[in-house]
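The following questions and answers concern the model shown below. Please read them alongside the sequence and the coordinates.

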Amino acid sequence: MQSTWPVLSLLVWIPIIGGMLVAALGEQRASQVRVLALLISVVTFMLSLFLFDAFDRGSAAMQFVENKPWIDTFSIQYFLGVDGFSVPLILLTTFFGVLVVVAGWEVIRSRVHQYMAAFLVMEGLMVGVFSALDGILFYVFFEAMLIPMFLVIGMWGGPRRVYATIKFFLYTFLGSVFMLVGLIYLYIQSGTWSILAWHEFPLGITTQTWLFAGFLAAFSVKIPMWPVHTWLPDAHVEAPTGGSVILAAIMLKIGGYGFIRFSLPITPDASSSLDWLVISLSLIAVVYIGFVALVQQDMKKLIAYSSISHMGFVTLGLFISFAIFRRDAGGSGAALGVEGAMVQMISHGFVSGALFLCVGVLYDRLHSRMICDYGGVAHSMPWFATFAVLFFMANSGLPGTSGFVGEFMVILAAFRASFWYAFLAGLTLILGAAYSLWLVKRVIFGAVGSKDVAALKDINRREAFVLGALAVAVILVGLWPQPLVEVMHSSVNELLVHVQQSKIPLADMVTAGR
Amino acid sequence: MNMSSVVLAVPEIWVFSMACIILLVDLFLREERRGIIHLLAMVTVIFAAIITLRADYVDQGLRLATAFNGSYLRDPMGDVLKLFTFVVLGFVFIYAKYYLRQFRMFRADFYTLSLLALLGIMLLISANSLLMIYLGLELTSLSTYALVAYDRDSSKGSEAAMKYFVLGSMASGMLLYGMSMIYGATGSLDLNLISTAVSNAGRDDLMLIFGLAFLVVGLAFKLGVVPFHMWIPDVYDGAPAAVTLFIASVPKMAGFAMAFRLLQTGLGDLHADWQQMLAVLALLSIMLGNTAAIAQTNIKRMLAYSTISHMGFVLLGFLPGSNEGYGAAMYYMIVYSLMTAAAFGMVILLSSRGVEAENLNDFKGLNQRNNWYAAIMAMVMFSMAGVPVFVGFFAKWLVIQAALNAGLVGLAIVAVVFSVIGSFYYLRVVKLMYFDDPITEQAINAPVDFRAVLSLNGILMLGLGVFSSSLIAVCMRSFGP
């Protein structure tokens, strides 16, 4: 559908330009800064609701396409468009855009203007990542996003913030320059920067393997996969609450989105022949990192590890389809895996964001994230305890919450591929429940840990609004995932049809004697 | 020689005349009216730009025009480089005025020497014969040697000037030796004739290769690439910040032009030979520059090592020997000059009352002292690190694309990995400005022209990145249709 309004451009630029305005207001006008930031984020969210509503669910084609020349000399375009994969993620981004502004309302006291500006700019850039259809444009958004996050962690973070933020930046930067080399190589081969044209462009298996490695370097760091996940716990622990929320809820999803947009359709043959690698790394993440999460003393670290473990489901769901196709050419169940991965991303966005906000609520009161400092919070904060328990249940995959839907779909798909995949993936139901519920037991229930805990004040209206909105989202997706699945359905089918077709040129096949 | 050929060189003639006029006018000026000198210098630069823009050879539909028996050349590449030289020099003059006033060194010599160096740079950019290249080079070098020692009372400055002079003369000697051998092998000083002679002689002429090696060494000295980089950190550190600002940004354009004229126009047929030499230089520069910069605590030295690594990237653009590569290298050079000018502009801004802000710690907590200046410096640093959407990213991208296009995959990968390593020290500056508390609460004052130009220079980092298409097109079109 061609819209008369450049909806996507507005979604990208309203927050970015708004963020600059907010920064220009200056430190003295903190209350105006907050109101303006809220206004901008709400407008953006409304606009994305419109996008969600106007999106044509029957079509797998790119919609709301905008295409203008950017750098003519190298045929680079300002090329935006969305399909069923991007729309839910954009909605998630703008939703959290509002929440972080509200969540940082009173908590952030120093340099409010820069805090709000950083989040708004970051929101625009992330929407850009999800809608860019040009290689360089994508890379620009993908990298530029690091700058506001770098500043957020470094300026408002905890005691080891400098170490954490530089590690975060360098890790991600290193991963993505390999992707840049790959993208340039693709351009040299194909003569275009259009990602859609790349999807159709035939490539030999060696080239595909190298490109796949480049993409893997970028996206596995971002998502993150074991063993390149080590930046995540550090970044999460040191980041301020808002930073952790965006990091967990949106930034990790960009890794998953990258696999969907780049690895699978551009290098389907390499993805197929290397699926064992991604699947094993995913299973290691699910099981091993699950165990690691179990022994954490720091609540934020525990949630960070649980994120890595949950993101393992995303990569598993995406790459399991190849194993399914090998067993059964019809590929029944492959769609379930990919859709499960997508639902898992959205759900994990809500749940992990909510969990970090919960930790943030506690941290604002006691300035500690250590599990041992708490105990019996339910006595002094009954409302908070209600929400927290709900979110931790969702984290462990309780039916009726969003956490269940994605995991269940992926495990179901894994069964079609191999019993053992499903068995290992299924372990998460035990491990996830173990670390989540054990945390709940130690922090929320039991005897009141200290008199500080006894004196805790329950959540105020602002916090109740943020957590309430997330609770509604978690339960809604859990009970009624239909609207979400419906949006992505055509795109998923299209992707699966696409990845089954080999992109190896005929001439190569002949010489290889196949 | 007819009149029309002299017309081509009017920008040079204008700059030369004005340098002399400024020298004279200064004799009749009283101390407090020295501002006039600055105005005259600015007028010189602006007018030179206007004259260069009104190139009538382009109106006549020619791609290039020569004068003085073919030893002087006007072409789009040269004109673009000159224009950006003027722009950057304009920035430099405005930054320098504030610095010189503060440090009680505001004398006309700075302007005369800079303008004479500018003349050398312009000649170098337009040179089409070995003689002209040498002439331009020496004029530039001698003026800059004197500039480094501009602060007579500073022993550090004198030492740097001595070092620069000795090493620079040696480099000139090498270059001259190489030129004489090229002349011996080809029998000509004209680059076009040399090119014809080389293609006839073939690649086996030992004297030619020998000469080439000396030329490359001389070039490497002047550009300051590893292993001929030793003078860069000392000179950057020892010279007054205003002079470092000048040396680090303006003459680099001429360095690019000189390398292009010598290697491509003159010795293009020896591409396979100089490609290997430059590959080694480029690789070493990128590796050493980026790692050594990490160990610096002095921002001038840090920027010196960063320059070395940037020059490595420029040379990377030379390796393919393609128009795309030269376009990329030229774009990189222009972008580099703008970035460096802004970085040293910031150093000057933070210097106060006779103390240069040369310590990295002087940047501590800048964000709390002034949001906007911190933002400018952050943009410059991210741009130098090659993070999109700042203009430095586009420069790195183009160079790497050219290298990949020529099949130099290994080199490209090493380059990007080291640029990630290098991004650490740029990030450290951002860290100091944003994450640390200030060590002084002193307010930052600067005249309005200084602030305006610095802001413009900073915004260019972002603006040239977001709207990168026209400058890229200009650079690429300079070398091909």
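Q: Which helix of chain A gives the most to the side of chain A that touches chain B?
A: In this predicted model, the contact draws 25 residues from chain A and 23 residues from chain B, two residues being in contact if their C-beta atoms, placed from the backbone, lie within 7 Å. On the side of chain A, two or more residues each come from strand 1 (63-71), helix 5 (135-144), helix 6 (146-156) and helix 7 (161-190); helices (H or I, at least four residues) and strands (E, at least two) are DSSP runs, numbered from the N terminus. The element that gives the most, with 13 residues, is helix 7 of chain A.

Q: How many nonpolar residues does the side of chain A that touches chain B have?
A: Ala, Val, Leu, Ile, Met, Phe, Trp, Tyr, Cys and Pro count as nonpolar, Asp, Glu, Lys and Arg as charged, and the others, Gly among them, as polar. By these classes, that side of chain A has 2 polar and 3 charged residues, and its nonpolar residues number 20.

Q: Why does Ala164(A) count as buried?
A: Ala164(A) belongs to helix 7 of chain A and, leaving aside residues up to four places away in sequence, touches Ile153(A), Gly157(A), Asp234(A), Ala235(A) and Glu238(A). A residue is buried if 20 or more other C-beta atoms lie within 10 Å of its own, exposed if 12 or fewer, and partly exposed in between, with C-beta atoms placed from the backbone. Ala164(A) is buried because the number of other C-beta atoms within 10 Å is 23.

Q: How many residues of helix 11 of chain B are buried?
A: Helix 11 of chain B spans residues 231-238 and is mostly covered. Its buried residues include Trp231(B), Val235(B) and Tyr236(B), and among the elements covering them are helix 7 (130-148) and helix 8 (155-186) of chain B. Of the 8 residues in helix 11, the number buried is 7.

Q: How far apart in space are Leu137(B) and Leu167(B), C-alpha to C-alpha?
A: Leu137(B) lies in helix 7 of chain B and is buried, since it has 27 C-beta neighbours inside 10 Å. Leu137(B) and Leu167(B) are 30 residues apart in sequence, and their C-alpha separation is 14 Å.

Q: What ipTM does the model score?
A: Residues are numbered from 1 along each chain as its sequence is written, with chains lettered from A and ligands numbered from 1 in the order in which they are written. The model scores pTM 0.93 and ipTM 0.91.

Terms used:
Predicted model: local features only at pLDDT ≥ 70, side-chain atom pairs only at ≥ 80, totals over all residues.
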